[in-house]
Amino acid sequence: MRELMIGNKAVARGLYEAGCKIISSYPGTPSTEITEEAAAYDEIYCEWAPNEKVALEVAHGASLGGRRAACAMKHVGLNVAADPLFTISYQGLNAGLVVCVADDPGMHSSQNEQDSRHYAIAAKIPMLEPSDSEESRLFAKKAFEISEKYNTPVLLKMCTRVAHSQSVVNPEERVEPPQVPYVKDPAKVMMTKNSRDAHVRVENRTKELAKWAETCGLNRVEMGGTDIGIITSSTSYQYAKEVFGDSASILKIGMIYPLPEKLILDFASKVSRVIVLEELDPIIENHCKQLGVKVEGKELFPICGEFSQNLVRSSMNMPVPETMGIEDTIPMRPPVMCAGCPHRGVFYTLKKNKCMVYGDIGCYTLGAVAPLNAMDLNVCMGASCSGLHGFNKAMGKEGEMHSVGVIGDSTFMHSGMTGIADISYNMSNSTVIILDNSITGMTGHQQNPTTGKNLRGEPAGKVDLEALCRALGFNRVRVVDPYDLAETDRVLKEELAAEEPSIIISRRPCVMIKGTVHKPPLKANTDKCVGCKACMQIGCPAISVRNKKVQIDNTLCVGCKVCTQMCRFGALDGEEE
């Protein structure tokens with residue numbers, strides 16, 4: 001029966017139908033739903049790994065054990081998994097292995113806009129790129145066939161629009177292949193001669209895949225008008241179809257690496273003008289130019305950002321349809337932390353103490369926006385710990401007394417442990433604040449090794465953060481409730497002044513965790529309010545000032561009472577009955 005699915009759910013369906021048995025992933029938008037949807041199938045063991053490197057290694061281990069396996073991650077997660085990826089390309093598999101990676105053109109929820117196609121080229125691994133949900137299902141199944149035929153992991157590249165948009169899918173039955181027996185093979189030990197021989201095999205494999213790409217069916221020609229020929233892939237294919245219709249011919253690329261040669265040359269010979277339409281870097285365009293094909297690409301379309309139908313039209317000097325507009329000016333609505341967010345009290349305290357804050361990746365990155373403006377920078381998962389150490393080594397005592405790193409509990413398990421190990425081992429008097437909100441918040445409330453539950457919400461091993469930090473060499477480990485501003489301020493001052501490394505664990509569950517019972521919303525006493533706006537300094541969306549008097553939005557307030565600690569006039573002490 002046909003079903004409407006987002007692309008990520010369709011990938012999960014394809015993995016299921018292909019007989020995948022094991023999936024290990026780390027959540028990262030826009031890839032998260034692949035693993036969450038796969039977990040709905042009892043036939044697939046699914047887990048959240050501490051990070052993407054571990055996830056890929058687990059999946060590869062499962063492949064060596066003879067079961068089809070997969071992992072999923074976002075584009076920056078592939079950076080973390082790159083170390084095993086390059087060697088697995090040499091070493092090979094036993095059963096099939098599919099690595100799903102989701103790029104984020106436009107950076108809707110990412111710190112950079114990298115193009116994962118470069119990894120396919122660099123690691124010499126085939127990459128498939130679906131353009132809708134049905135292709136996502138089919139390509140996931142095809143990826144396992146390619147993986148086992150050519151003894152290679154296969155990258156399945158999604159992007160935000162394909163991952164999160166819906167289209168019709170035609171589900172099929174699951175076919176689970178028998179477990180492949182494990183056979184000891186000394187050639188799989190990647191050292192000296194084995195590695196050299198493996199590299200030769202990889203190069204030969206790439207040549208074979210390039211020949212297969214000519215007729216595999218994943219790349220197809222749709223002939224229309226011959227004045228313009230469009231070579232494209234992924235969502236850009238959808239835009240080309242909508243903008244040009246049958247007025248142009250299209251070479252739709254489904255296997256983005258290795259790219260075909262003869263197919264492209266034949267297509268180019270049948271049209272008067274060849275245009276390459278692709279988001280981000282000119283991967284297809286450069287390949288065409290290397291073949292001697294005269295193409296137009298990035299001189300027409302931007303190298304940055306996400307495409308759209310109207311962007312394609314305007315870039316091609318075509319009429320752009322009028323769209324509905326709103327005459328009134330709409331005020332900017334920057335993202336903010338939720339009402340009652342436990343991170344808010346920490347960032348208010350950091351700003352109050354004029355700290356240099358080395359941030360990290362998570363919903364607490366919103367501590368950088370007004371009115372808190374409390375985060376100086378962020379780089380990647382875990383960088384807050386190791387980056388702070390380097391900063392303090394350069395700044396000396398002056399830096400140590402006024403700088404902190406902040407990192408979430410899930411991010412800490414991902415890659416913060418090695419950073420604080422560097423701090424304790426090489427002894428900078430650095431203070432790291434672990435923002436423990438009992439969940440992986442930014443990507444939609446996934447469990448992690450500190451929560452005591454696995455992906456399915458079942459009881460699981462639970463990491464004791466305090467014991468772990470002490471085991472990593474920290475004598476000073478403090479726990480604070482971020483709703484208590486005075487206590488948070490006192491502990492921060494003490495740890496910044498300490499003559500040794502220290503950890504502060506800010507512990508309070510995320511207010512959005514399912515089942516959380518909130519206190520009644522506060523009630524503003526406008527008679528006591530003097531309009532000083534001190535309560536506005538924490539940036540809570542439940543608080544506003546109208547006619548110089550404080551107002552509380554009862555639909556947002558969770559009764560955390562952080563604001564009451566800032567009001568000197570008792571205007572926020574009351575509660576709704």
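A residue counts as buried when its relative accessible area is under 20%. Met375 has a relative accessibility of 9% and is therefore buried. The model described here is a predicted one.

**The surroundings of Met375**

Met375 is located in the loop that links β15 to α14 (383–395). Leaving aside residues up to four places away in sequence, Met375 touches Phe347, Val357, Gly359, Asp360, Tyr364, Thr365, Gly367, Ala368 and Val406. One of these, Thr365, is ten residues from Met375 along the chain, and the C-alpha atoms of the two are 7.4 Å apart.

**The five-stranded sheet**

An open sheet with parallel pairing is built from five strands, in the order β15-β16-β17-β19-β18. The edges are held by β15 (356–358) and β18 (476–480); each has a single partner strand, so one side of each lacks a neighbour in the sheet. On average, and with direction ignored, neighbouring strands of this sheet are turned by 25 degrees against each other.

Within the sheet, strand β16 (residues 403–408) is joined to strand β17 (residues 431–436) by five bridges in the parallel sense. Val404 is placed opposite Thr431 of β17.

Two helices lie across strands of the sheet. Helix α16 (residues 409–426) covers β16, β17 and β19 (502–507), and its direction makes an angle of about 145 degrees with β16. Helix α18 (residues 485–497) lies across β16, β17, β18 and β19, running at about 165 degrees to β18.

**Two helix pairs**

Two packed helices are described by the angle between their axes and the distance between the axes. The table gives these values for two pairs.

| Helix pair | Axes come within | Crossing angle |
|---|---|---|
| α13 (residues 343–352) and α18 | 10 Å | roughly 50 degrees |
| α1 (residues 7–17) and α6 (residues 133–150) | 7 Å | roughly 35 degrees |

The axes of α13 and α18 cross at roughly 50 degrees. The two helices are therefore oblique to each other. Their crossing is right-handed. On the α13 side the contact is made by Gly345, Tyr348, Thr349, Leu350 and Lys352, and on the α18 side by Leu485, Thr488, Asp489 and Leu492. By type, the residues of this contact are four nonpolar, three polar and two charged.

The crossing of α1 and α6 is right-handed. Here α1 contributes Gly7, Ala10, Val11, Arg13, Gly14, Leu15 and Glu17, while α6 contributes Ser133, Ser136, Arg137, Ala140, Lys141 and Phe144. The residues of the contact between α1 and α6 comprise five nonpolar, four polar and four charged.

In strand β11 (residues 249–253), five of the five residues are buried, so the strand is largely enclosed by the rest of the structure. In a regular strand the side chains alternate between the two faces of the sheet. Both faces of β11 are covered, with Ser249, Leu251 and Ile253 buried on one side and Ile250 and Lys252 buried on the other.

Strand β11 pairs with β9 (residues 220–222) in the antiparallel sense through three bridges. Arg220 has Lys252 of β11 as its bridge partner. With β10 (residues 228–233), β11 forms a parallel pairing over five bridges. In that pairing, Ser233 is bridged to Ile253 of β11.

Technical notes
Residues are numbered from 1 along each chain as its sequence is written. This is a predicted model: local features need pLDDT of at least 70, side-chain atom pairs count only at pLDDT 80 or more; totals for chains, interfaces and linings use all residues. Side-chain values use heavy atoms; hydrogens and water are left out. Two strands pair if DSSP finds at least two bridges between them. Helices (H or I, at least four residues) and strands (E, at least two) are DSSP runs, numbered from the N terminus. Axes are lines fitted to C-alpha atoms, for helices over the stretch in contact, and angles run from 0 to 180 degrees between N-to-C directions. Contact means heavy atoms within 4.5 Å. Angles under 35 degrees count as roughly parallel, over 145 as roughly antiparallel, 65 to 115 as roughly perpendicular and the rest as oblique. A crossing is left-handed if the near helix is turned anticlockwise from the far one by less than a right angle, and right-handed if clockwise. Ala, Val, Leu, Ile, Met, Phe, Trp, Tyr, Cys and Pro count as nonpolar, Asp, Glu, Lys and Arg as charged, and the others, Gly among them, as polar. Buried means under 20% relative accessible area, exposed over 50%, partly exposed in between (1.4 Å probe, protein chains only).
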